[in-house]
Amino acid sequence: METSKETTTGEARGATPQGELKLVASNATPKSAGPAAKAGAPSPAIEPPAFGSVDVEAFSRNLARVIENGGKALAAYMKPREEGKVRDEFTENVADIVKTVAKVLEFWLSDPQRSLELQTSVGRSYLDLWASAMRRLSGEEFKPVVSPDPKDKRFADPEWSQNQFYDFVKQLYLLTVQWSEKLVQGAEGIDDHTRQKAEFYIRQFANAISPSNFVLTNPELLRETMTSNAENLARGMAMLSEDIEAGEGNLRIRQTDPATFAVGKNLALTPGKVIYQNDLMQLVQYESTTDEVFKVPLLIVPPWINKFYILDLTPEKSFIKWCVDRGFTVFVISWVNPNAALARKSFEEYMKEGPLTALDIVEQATGEKKVHTIGYCVGGTLLAVTLAYLAANKKNPVVSATMFAAQVDFTYAGDLKIFVDEERIKQLEARMQETGYLEASRMANTFNMLRSNDLVWPYVVNNYLRGKKPYPFDLLYWNSDATRMPAANHSFYLRNCYLNNRLTKGEMEVAGTKLKLSKVKVPIYNLATREDHIAPAKSVMYGSQFFGGPVRYVLAGSGHIAGVINPPGPKIKYQYWTGDSPKGDDVENWLETATEHPGSWWPDWLDWIKSLDDERVPARVIGGGKLTPVEDAPGSYVKMRS
């Protein structure tokens with residue numbers, strides 16, 4: 001790869017070496033000849049500041065590689081479709097987008113006056129931008145018509161403001177986005193679900209067409225392309241081809257370097273054993289590291305839509321290791337990555353073969369009839385259902401329940417609700433009937449699109465346009481290690497929770513039992529995260545009122561993952577808030593009287609557990625001498641890749 005060369009004598013005279021094309025900045029300012037210049041003498045050659053140099057031969061070779069690798073990417077995309085192995089969902093998605101946006105446009109276009117107002121508003125903002133650009137071009141004072149959010153990293157490069165062309169493109173884009181958002185917000189007479197879907201679709205389209213996503217309209221990308229002679233694009237197209245092949249015809253965007261991590265080698269390292277397994281789960285018990293342990297053991301129910309090792313990443317971030325080191329006898333459910341053979345496994349069977357079976361095994365291994373429990377995300381929803389089922393059957397083996405960013409009521413369930421209506425669920429059920437499960441990639445893509453400016457487009461730019469491998473990051477490796485979901489279980493969950501919200505209404509029936517959360521009297525530690533887009537803090541707070549026992553609502557800083565995985569340590573990353581018992585759904589009102597604490601909420605949770613039961617017993621051996629270990633932790637189920 002050839003970059004800028006030192007200036008030669010010939011270049012100083014304005015000559016260009018053979019095979020090299022010199023590029024210059026378009027907004028260069030000529031230098032004055034100075035007072036020493038003689039009248040009538042030819043002016044010295046003006047040397048504009050160099051933008052970069054391009055080796056034409058190298059540039060051409062790399063463009064050929066771009067075309068070649070682009071062809072490979074297209075072939076990787078088309079081949080499984082031609083063979084019938086992949087079915088495009090593009091048509092049904094576009095149909096829903098068109099139908100949703102059409103309802104918004106119908107409001108504006110059905111009345112001539114409103115239509116005129118619509119055109120006038122966007123026209124006025126564009127004229128203001130043009131006038132500002134003309135003032136800047138003529139050297140007058142000017143003020144930007146619109147500025148990006150200071151947190152928006154897309155426009156961090158100084159040239160987005162210093163170069164008039166890029167500044168104009170940036171403002172034109174931002175104005176268009178603002179106008180499109182107002183278009184949806186101002187549409188009257190459409191239902192909340194349609195409005196929420198329209199906002200989501202408009203946001204995705206706006207994120208996709210950002211000028212930062214294209215080489216010619218992104219100054220940083222253009223500089224890199226020129227200085228590397230398009231080597232970045234050649235590498236990027238090769239990575240694109242690899243990622244489409246890895247996704248078996250669908251683009252699987254790599255968010256980290258997958259070769260850097262391996263479960264059981266540098267992730268999920270806390271020592272332990274699998275002491276039990278069935279079709280749906282393995283139960284892991286961890287080795288004690290203290291001479292004494294809490295008498296009451298701890299059972300963790302993670303979500304089945306992700307791998308449990310989010311709670312056991314590296315030793316420094318491991319919530320499981322932290323609990324073990326503080327005297328807990330920790331048991332964790334590791335869900336299987338289901339295939340078509342498990343298609344008919346229902347929500348009821350997940351409850352019975354998951355937490356209910358785990359409670360029995362914990363009793364066998366420890367001799368204790370009572371446990372502390374934790375449920376994370378969907379695992380928290382399943383734990384709440386299990387507690388309601390136990391309460392309905394007059395059983396109470398649980399001392400406490402802790403919910404990590406988990407919902408029991410879905411009134412305010414956030415952006416995921418846009419994918420849940422009768423029509424969309426029927427489409428999804430028909431799709432799942434073909435395979436027996438929901439593909440892991442589909443759920444992963446859904447979660448990524450909820451934060452596409454963080455989890456999609458930065459990686460598209462970095463990987464395929466800059467041609468750089470993403471930075472090794474354990475959390476993003478876990479994020480890409482998604483799992484499939486059995487058709488029967490997923491359908492029940494979507495219909496009974498997101499669509500019809502039956503649990504808090506007392507209408508959900510599992511294993512022939514009507515469930516009522518009001519019968520759940522155990523103390524609840526209900527952790528929400530402030531920037532959560534999956535289980536919004538408002539939703540978690542609102543759900544607190546449906547439990548029949550005392551609820552401690554705690555709000556952590558950051559989002560669904562980072563807010564939970566926030567270990568104590570010298571480097572304080574986030575904070576958490578504690579306050580009065582939660583009432584209603586107004587988180588901001590609750591925060592007005594809440595107390596903010598710097599650092600991790602983990603010690604606060606430990607103090608809460610101790611306040612319930614602090615009795616200690618000698619450290620236990622794995623399996624209690626009654627159960628023969630199956631294999632070492634983290635087990636084989638968690639290593640099954642989709």
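1. What volume does the largest cavity have? The largest cavity has a volume of about 70 Å³, a cavity being a set of points on a 1 Å grid over the protein atoms alone where a 1.4 Å probe fits but cannot get out, and a volume being the space filled by probe spheres set on the points, which are joined across faces, edges and corners.

2. This is a predicted model, in which local features need pLDDT of at least 70 and side-chain atom pairs count only at pLDDT 80 or more, while totals for chains, interfaces and linings use all residues. Residues are numbered from 1 along each chain as its sequence is written, and side-chain values use heavy atoms, with hydrogens and water left out.

3. The lining of the largest cavity (residues with an atom within 4 Å of a point) includes Arg 136, Phe 142, Asp 167 and Phe 168.

4. Two of these lining residues, Asp 167 and Arg 136, form a salt bridge with closest N and O atoms 3.1 Å apart, where the term means a side-chain nitrogen of Lys or Arg within 4 Å of a carboxyl oxygen of Asp or Glu. Asp 167 is buried (under 20% relative accessible area, with exposed over 50% and partly exposed in between, for a 1.4 Å probe and protein chains only) at 8%, and Arg 136 is likewise buried at 17%.

5. Elsewhere, Glu 423 forms a salt bridge with Lys 99, their closest N and O atoms lying 2.6 Å apart; Glu 423 is partly exposed at 41% relative accessibility, and Lys 99 is partly exposed at 37%. By this rule the count of salt bridges comes to 37.

Note on methods
On a 1 Å grid over the protein atoms alone, a cavity is a set of points where a 1.4 Å probe fits but cannot get out, and a pocket is an open set with protein on both sides within 12 Å along at least five of seven lines; lining residues have an atom within 4 Å of a point.
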